[in-house]
Amino acid sequence: MSAEIEISGLSKVFGQGAGAFHALSGIDLTIETGEFFTLLGPSGCGKTTLLRMIAGFEQPTAGTLRINGEEVAGKGPNARPVNTVFQNYALFPHMSVRDNIGFGLKMLGRPRAEVAATVDEMLRLVRMEAMATRKPSELSGGQQQRVALARALAPRPRMLLLDEPLSALDLKLRKEMQSELKRLQIETGITFVFVTHDQEEALTMSDRIAVMNAGRILQLGTPHEIYNTPSDRFVAGFIGDTNVLSLAVASSGGDGVTLAVPGAGALPAASPAGLTLLVGQTVTAVVRPEQARLCPLAEADLTATLEQTVFFGTDTHLHLRLADGQGFILRRQNAADEVDPAPGDRLGLRLARGALRVLKD
Amino acid sequence: MHSTRHGWKWLLSAPALVVLVLAASGPLLIVLVYSFLTPGNMGGVAWVPTGEAWFRVFFKRDLFEPDVITWNDANLMVLWRSVWLSLQTTVICAVLGFPTAWFIATRPPTNRPFWLFLITIPFWTNILIRTFAIQEMIRNNGTLNTLLDWLGLISAPLDLLFTDFAILLGMAYVFLPLMVLPLYAAMEKLDFRLVEAAYDLYASRRRALWHVILPMVKPGFIAGSILVFIPAIGSYVTPRVLGGGRTMMLGNLIALQFGQGRNWPLGAALSVMLLVIVTAALVLYLRTVSKESGGPRG
């Protein structure tokens with residue numbers, strides 16, 4: 001694979017002096033050709049600013065941005081081989097679906113016949129053939145979304161930038177569009193850079209994810225890496241549900257780290273490379289709710305008291321309290337023949353191998 | 001019970017109906033009837049029905065041989081000049097109004113009322129005073145000629161006053177706010193993300209303006225054009241003060257017939273003509289608007 005975008009030392013500051021706002025600080029990032037890349041983070045983390053800089057709507061304060069090996073600083077959006085799907089679609093209300101989709105090609109000065117052929121192809125691609133002559137105001141949100149996608153794909157950009165394109169859709173439609181987007185990305189082979197604050201969306205669709213907060217990239221990796229080996233407390237908390245525990249280090253040596261678990265003994269824990277831990281030091285450790293299961297008390301890694309059960313359909317969340325008072329949530333997949341324990345019961349828990357992870361703070 | 005309530009509702013609209021009948025339709029009807037009567041000796045009308053006034057709007061008889069009929073080119077010239085000057089005024093207002101409205105619409109929201117306030121100040125000043133101010137500026141020994149002379153740009157004063165140019169200048173100045181305000185209203189609602197989308201799809205600045213911004217603010221242009229054209233074609237004060245007696249518009253011709261001319265039926269017929277032109281402009285406007293918004297809106 002070759003690099004589609006190379007970003008180094010990229011910063012963006014809005015305003016000046018004391019009121020200056022550092023939207024992005026020192027971003028280093030490489031996006032490969034043909035990958036589905038997601039910028040994930042809470043609102044205000046700088047992900048949209050980064051996307052707008054790639055598109056050309058904002059110019060960087062410092063740093064370099066190369067698209068396909070070419071420095072693009074100073075070039076406007078109309079001089080970059082990228083197209084954007086806007087958060088609220090930004091379809092031209094005075095044009096038909098057909099004219100909207102053909103707009104980019106028309107501006108590029110392509111022959112009329114070529115524009116018509118490409119528009120037909122795009123209409124088929126997003127399954128909107130029947131709506132070609134409608135105005136955007138006569139379309140539902142999902143249909144407008146498809147038109148916005150077709151419009152951005154029609155000029156065959158090297159890269160498609162998507163700014164929270166699914167946030168305005170209801171849940172069911174959003175799920176549909178997620179697989180639709182993934183299908184389009186695979187069919188067209190175009191690099192997708194996707195911005196979202198929805199961690200589930202990011203996990204299901206992306207090849208790689210950059211988790212951002214406060215203008216910085218905290219972790220860069222595949223969905224598996226991000227979910228299973230979060231680099232710090234923010235990433236662990238932002239991606240998926242997690243139990244965050246404060247535990248003391250029981251031993252630290254060549255064969256790994258063990259943590260003292262209240263009411264149990266010492267449990268082996270995974271810890272990031274390069275982190276030196278002292279015995280007795282209190283560290284932050286995380287366990288995913290689905291990586292613990294109930295077991296007989298005799299075989300338990302740790303014990304806890306059940307406070308409450310919350311039913312979610314496919315699974316049930318057990319809200320537990322550990323011996324030292326820390327909360328712990330366990331997610332159990334529902335099976336017809338199982339009986340939920342009652343509040344007040346003392347339960348034994350067993351953790352999956354590698355489930356307990358020490359985090360850098 | 002039901003019918004009583006219905007009756008009450010009808011009564012509630014009575015004031016509006018009275019205003020509509022007495023203040024709008026009534027006078028119009030009188031004007032229409034007068035246009036088919038004979039002029040009275042000392043002004044007013046004699047109740048003798050005739051089509052003479054309407055005949056004289058378009059045609060004239062030879063003074064010595066009444067059977068020789070020719071076009072009344074004096075009246076038709078005034079009619080044409082009124083339409084032409086008003087169209088020019090509308091175009092000038094649109095050309096000047098667009099950048100002005102764009103400037104205001106792109107200021108931070110907190111500053112916009114200030115700029116709008118500046119635009120509307122002339123509204124609160126008497127039109128006569130404003131028009132005489134322009135007269136003072138462009139007359140032979142006026143501000144503009146004095147300034148140009150002082151700069152050495154001219155050797156003899158420019159004859160600006162009492163020309164079509166003077167009327168255009170005055171009307172464009174008087175009616176400009178009527179174009180700026182609806183344009184501003186349309187631009188304020190403009191979604192600037194659409195402009196970004198156009199840039200993103202390879203449009204240059206000029207093409208984004210032409211393909212996205214102008215179509216989107218078109219309703220503002222249409223509303224502004226109507227608001228400028230209708231009062232412009234009926235102008236009286238501006239052509240009177242800046243055109244002198246030399247360059248007349250429809251409003252002055254009508255006033256002349258009701259005044260010195262003492263030909264009320266002709267004045268009435270010309271007034272109806274004015275109404276017809278204005279109505280035609282409005283119908284054209286409504287057609288364009290309904291074509292724009294054809295089909296259901298979601």
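**Close-up views of a predicted two-chain model**

**Figure 1. A:Arg127 sits exposed, with 12 other C-beta atoms within 10 Å.** For context, most residues other than glycine have a negative phi.

**Figure 2. A:Ala214 also has a positive phi, near 50°, in a residue other than glycine.** Here the setting is the loop between strand 9 (208-213) and strand 10 (216-221) of chain A. Is A:Ala214 exposed or partly exposed? With 15 C-beta neighbours inside 10 Å, A:Ala214 is partly exposed.

**Figure 3. Helix 4 and helix 5 of chain A pack with their axes 11 Å apart.** A packed pair of helices is described by the angle between the axes and the distance between them. For this pair the angle is about 15°, so helix 4 and helix 5 of chain A are roughly parallel to each other. The crossing of helix 4 past helix 5 of chain A is right-handed. Which residues make the contact? Helix 4 of chain A supplies A:Gly142, A:Gln145, A:Leu149 and A:Leu153, and helix 5 of chain A supplies A:Leu173, A:Met177, A:Leu184 and A:Thr188. Sorted by class, this contact of helix 4 with helix 5 of chain A holds five nonpolar, three polar and no charged residues.

**Figure 4. Helix 6 and helix 8 of chain B cross at roughly 135°.** Helix 6 spans residues 127-138 and helix 8 spans residues 164-188 of chain B, and their axes come within 11 Å. The angle makes helix 6 of chain B oblique to helix 8 of chain B. The crossing of these two helices of chain B is right-handed. On the helix 6 side of chain B you will find B:Ile127, B:Arg130, B:Thr131, B:Ile134 and B:Ile138, which meet B:Ala166, B:Leu169, B:Gly170, B:Tyr173 and B:Val174 in helix 8 of chain B. By class, the contact between helix 6 and helix 8 of chain B has seven nonpolar, two polar and one charged residues.

**Figure 5. The largest nonpolar core has 102 residues.** Nonpolar side chains tend to be buried together in soluble globular proteins. The members with the most contacts inside this core are A:Ile54, A:Ala150, A:Leu160, A:Leu161, A:Val193 and A:Val211. Which helix of chain A gives the most to this core? Helix 4 (residues 141-153) of chain A does, with six residues. Apart from this core lies another, of 50 residues, including B:Cys93, B:Met179, B:Val180 and B:Val228. Across chain A, 39% of the 361 residues are buried.

**Figure 6. A:Val211 and its contacts beyond four places in sequence.** With those sequence neighbours set aside, A:Val211 is in contact with A:Leu40, A:Gly41, A:Leu218, A:Gln219, A:Ile226, A:Val235, A:Phe238 and A:Ile239.

**Figure 7. Chain A meets chain B through 20 residues from chain A and 19 residues from chain B.** On the side of chain A that touches chain B, the elements giving two or more residues are strand 6 (82-85) and helix 2 (97-107) of chain A. Helix 2 of chain A contributes the largest share of that side, three residues. The residues of the side of chain A that touches chain B comprise 10 nonpolar, eight polar and two charged.

**Figure 8. A:Val310 is exposed, with 11 C-beta neighbours inside 10 Å.** A:Val310 is found in strand 16 (residues 302-311) of chain A. Not counting residues up to four places away in sequence, A:Val310 touches A:Thr316, A:His317 and A:His319. From C-alpha to C-alpha, A:Val310 and A:Arg331 are 9.5 Å apart in space and 21 residues apart in sequence.

**Figure 9. A:Ser167 lies in the loop between strand 7 (159-163) and helix 5 (171-188) of chain A.** A:Ser167 is partly exposed, with 14 other C-beta atoms within 10 Å. How many residues separate A:Ser167 and A:Phe86 in sequence? They are 81 residues apart, with 11 Å between their C-alpha atoms.

Terms used:
Residues are numbered from 1 along each chain as its sequence is written. Chains are lettered from A and ligands numbered from 1 in the order in which they are written. This is a predicted model: local features need pLDDT of at least 70, side-chain atom pairs count only at pLDDT 80 or more; totals for chains, interfaces and linings use all residues. Two residues are in contact if their C-beta atoms, placed from the backbone, lie within 7 Å. Helices (H or I, at least four residues) and strands (E, at least two) are DSSP runs, numbered from the N terminus. Ala, Val, Leu, Ile, Met, Phe, Trp, Tyr, Cys and Pro count as nonpolar, Asp, Glu, Lys and Arg as charged, and the others, Gly among them, as polar. A nonpolar core is a set of buried Ala, Val, Leu, Ile, Met, Phe, Trp, Tyr and Cys residues joined through C-beta atoms within 7 Å. A residue is buried if 20 or more other C-beta atoms lie within 10 Å of its own, exposed if 12 or fewer, and partly exposed in between; C-beta atoms are placed from the backbone. Axes are lines fitted to C-alpha atoms, for helices over the stretch in contact, and angles run from 0 to 180 degrees between N-to-C directions. Angles under 35 degrees count as roughly parallel, over 145 as roughly antiparallel, 65 to 115 as roughly perpendicular and the rest as oblique. A crossing is left-handed if the near helix is turned anticlockwise from the far one by less than a right angle, and right-handed if clockwise.
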